[in-house]
Amino acid sequence: MKISYNWLKEYLNIDLSAEKLSEILTNIGLEVGGYETYESIKGGMEGLVIAKVKTCKPHNNSDHLSVTTVDLGDGQDTQIVCGASNVAAGQTVVVATVGTTLYSGGDSFVIKKSKIRGEESFGMICGETEIGIGTDDSGIMILPEEIPTGTLAKEYFKIESDTVFEVDLTPNRIDAASHIGVARDIAAYLKQSQSINYSYPDISSFSINNNNMNIEVIVEDNILCPRYSGVCISGIKVDNSPAWLQNRLKAIGLEPINNVVDITNYVLHEYGQPLHAFDAEKIIGNKILVKTLPSKTKFTTLDEVERNLSETDLMICNKEQGMCIAGIFGGIESGVTDSTTSIFLESAYFNPVSVRKTARRHALNTDASFRFERGIDPNNTVNALKRAAILIKEIAGGVISSEITDIYPNPITDFTVNLRLSQVTRLIGENIPQDKIKNILESLEIGIIADNGDSFDLKIPAYRVDVQREADVIEEILRIYGYNTITIPTTINATLGYSESPDIQQMRNIISDHLVAQGFNEIMANSLTKSDYYETSYILKKDKCIKILNPLSQDLNVMRQSLLFGGLEAIEYNSNRQNSDIKFFEFGNCYSITNSESTKVDEKYQQNEILALFVSGNKNTESWLNETKKASFFYIKTITENILLKLGFIVDNLTYNSISNDLLSDGLEIIYQNKHIGNIGFVSKKELKKFGTKQDVFYSELNWEIIINIIKKHKIQFAELPKYPSVRRDLSLLLDNNIKFENLKQLAFKTEKKLLKNVDLFDVYEGNNIGEGKKSYALSFILLDETKTLNDKQIDKIMSKIIQVYEQELGAKLR
């Protein structure tokens with residue numbers, strides 16, 4: 001949200017530096033993201049002076065140039081070569097002196113001392129387009145003679161310079177979404193050290209000129225529209241707004257449209273109250289109905305988009321058709337045009353939830369909906385209406401031609417809260433004097449109904465929708481008192497705590513540290529994602545997605561079922577910025593519907609914590625010491641197994657099942673103690689294509705909750721180191737291509753359960769001289785008897801038995 005300093009000063013008499021005001025705003029919760037200078041004419045006409053042309057004669061070496069001498073008011077004659085055909089002695093003109101920067105669109109150029117065809121020139125006599133105040137480029141600009149020589153152009157043309165603050169408004173502070181709202185907060189802060197007050201615009205001059213117009217208003221739904229105010233104004237002339245009004249709007253980034261629309265926008269950013277002007281002649285039947293229309297009703301908005309209305313969308317209608325989506329966007333048929341002579345001016349309070357749902361449904365986000373959906377001041381509609389009506393009379397020449405219509409059957413009352421002083425001290429951590437608390441509350445316009453000694457009964461203004469609890473009031477006190485004012489304690493209080501074993505957070509930290517040490521970076525993706533990701537998946541079904549009732553956008557309309565898509569978004573983002581070597585991990589919850597028929601939350605929905613790993617590109621950075629190697633499936637499999645090993649799993653007890661689906665084109669399911677604990681694999685090309693990723697991405701996910709439950713049953717066992725040596729034997733086997741190492745390993749342990757301690761694969765060969773459909777595996781076997789030294793006879797017997805089993809069950813041959 002942009003706030004103009006000049007505009008702010010109309011309600012608050014302050015003269016602080018921009019830096020100091022930024023500091024104050026940030027300290028009171030209205031964080032300033034930055035500020036910049038705004039000038040009504042780019043460059044602020046610096047270096048431009050009003051001058052008199054004393055002499056003008058043709059240039060000796062040109063048939064279209066003139067050599068002039070001008071008086072800049074500095075007591076000297078300055079020679080300027082001019083190419084304009086209308087320049088003449090005696091004229092009052094605008095001169096850009098040497099060193100001045102002139103702007104033309106996005107370009108700029110500096111006026112320098114120059115020699116033009118042999119004649120020196122010390123400036124430039126300017127036209128309208130060259131100084132940015134008009135479109136006439138036929139010659140120089142000639143001003144009235146009575147303007148004193150040497151007058152600065154910026155003073156004559158009343159160039160406005162302003163400082164504009166970019167305030168990062170949080171969703172709960174809609175009370176500050178206006179210049180008056182910001183002024184109110186600044187005044188509350190400054191009141192703690194000086195006598196100061198902010199003021200509202202004077203609306204005492206509002207009066208009704210006649211009752212020539214009669215537009216009936218009927219509100220059919222007082223829940224969706226608790227308050228509706230309006231007034232008729234006739235005899236207006238739609239034209240351009242005056243310069244001051246255009247400057248106010250331009251300063252905060254709004255483009256002026258016409259005087260009537262500009263005034264509604266001006267009051268919106270002044271009061272925070274959205275207004276809408278209807279062309280009165282287009283209100284069929286002289287009747288306004290605030291109601292909903294049947295589902296699928298067609299309505300074309302100002303942006304010329306035809307929309308299908310929902311039966312819950314509140315509309316402002318005439319006798320025959322809709323004119324405006326209430327609180328959000330006007331219709332193309334009922335707005336103010338150049339031919340409009342009379343208007344009905346609307347100022348209302350619409351139900352925030354209704355506006356938010358309708359705005360999201362139609363993907364509309366306007367200045368009006370931004371305020372209505374967060375909750376504006378319901379008791380300010382008439383004041384804003386009067387303010388706008390007065391401005392329209394002054395600027396557009398209209399007359400007020402009806403009484404104010406104000407339908408407010410159930411006035412919204414102020415909130416009441418009991419504030420305990422002991423609770424203020426407890427939450428803030430410092431004893432603030434009672435008088436100071438009272439002063440802060442009064443400066444925030446929070447009324448003290450009763451002083452109970454140790455507590456206050458408070459009345460909270462209706463426009464403070466974010467202050468409804470005792471804790472909210474304490475936060476307001478601290479905000480104005482100053483977070484930086486609180487004394488930092490010199491003692492540290494600690495409490496001994498007991499955590500269940502295993503400590504889940506500690507386990508996360510151990511694994512996070514382990515992965516970071518392996519070169520991984522932690523990511524944190526949004527738990528909300530878009531349903532389109534699940535549109536074509538048969539693994540993650542769209543009907544299992546938990547939908548958001550009022551999504552911020554269609555890209556955040558469901559809760560994620562998997563961490564995969566968030567990680568792929570991060571990979572896409574990094575790849576587009578030339579960071580293609582990626583190692584990411586994320587701890588995050590995934591959500592799904594398990595039983596759509598159930599009414600119990602714990603039965604209907606499921607939430608699981610998942611640890612996900614993503615690897616793509618090279619697995620190590622380029623270095624003179626190490627050769628760069630591409631990441632592979634076996635790399636991420638090793639990382640996954642190391643995680644489980646670090647958590648106390650016996651990796652040899654892991655089993656794997658092959659999987660292939662629409663998400664992982666080739667991978668493994670990880671099984672431990674007959675429980676599924678995760679998956680590893682290649683992300684399918686189809687999914688990678690959705691994110692524009694061309695290189696392979698390897699993905700691993702572990703069900704953290706199942707893993708933690710398994711860890712809980714782990715028992716730490718100690719065994720002394722073996723006294724006797726282990727023995728290694730190697731076998732080279734010729735096998736069919738379809739046989740996996742896991743088959744060989746399981747069969748070896750099944751054959752020799754007592755003395756066989758480990759089986760490893762240390763070489764694989766596929767190629768010539770071994771036959772089609774064959775491969776060669778080189779295996780190592782570790783044998784150990786913890787009670788004695790093994791002899792060759794025992795070892796040969798075990799190895800012979802293993803070879804025999806391999807030959808009989810797998811068709812293996814020794815090489």
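Predicted model: local features only at pLDDT ≥ 70, side-chain atom pairs only at ≥ 80, totals over all residues.

Trainee: Why are β1 and β2 said to stand at the edges?
Mentor: The open sheet has 3 strands in the order β1-β13-β2, with antiparallel pairing. β1 (2–4) and β2 (32–39) each have a single partner strand, so one side of each lacks a neighbour in the sheet. From one strand to the next, the twist averages 25°.

Trainee: Which helix packs on the sheet, and what angle does its direction make with that of β2?
Mentor: Helix α2 (residues 18–27) does, touching β2 and β13, and its direction makes about 145° with that of β2. Axes are lines fitted to C-alpha atoms, for helices over the stretch in contact, and angles run from 0 to 180 degrees between N-to-C directions. Contact means heavy atoms within 4.5 Å.

Trainee: How do you know that the strand β15 is mostly covered?
Mentor: In β15 (residues 227–234), 8 of its 8 residues are buried. Buried means under 20% relative accessible area, exposed over 50% and partly exposed in between, with a 1.4 Å probe and protein chains only. In a regular strand the side chains alternate between the two faces of the sheet. Arg227, Ser229, Val231 and Ile233 on one side of β15, and Tyr228, Gly230, Cys232 and Ser234 on the other, are all buried.

Trainee: Which strands does β15 pair with?
Mentor: It runs antiparallel to β23 (residues 343–349), with 7 bridges, and isoleucine 233 has isoleucine 343 as its bridge partner there. A further 3 bridges join β15 to β25 (residues 405–407), also antiparallel, where serine 229 stands opposite aspartate 406. Another 2 bridges link β15 to β24 (residues 399–400), again antiparallel.

Trainee: Why is isoleucine 680 called buried?
Mentor: Its relative accessibility is 0%, and the limit is under 20%, so isoleucine 680 counts as buried. This residue is found in strand β36 (residues 675–683). Beyond its neighbours within four places in sequence, isoleucine 680 is in contact with residues including Phe633, Ile636, Tyr656, Leu664 and Tyr699.

Trainee: Why is the protein described as more spread out than a compact globule?
Mentor: The protein has 21 helices and 41 strands. Its radius of gyration is 39 Å, well over the 28 Å that the globule rule gives for 815 residues, so the protein is more spread out than a compact globule. The radius is taken over C-alpha atoms, and the rule is 2.2 Å times the number of residues to the power 0.38. Along the principal axes, the C-alpha atoms fill a box of roughly 125 × 85 × 65 Å.

Terms used: Residues numbered from 1 in each chain as written. Heavy atoms only, no water. Pairing = 2+ DSSP bridges. Helix = DSSP H or I, 4+ residues; strand = E, 2+ residues; numbered from the N terminus.
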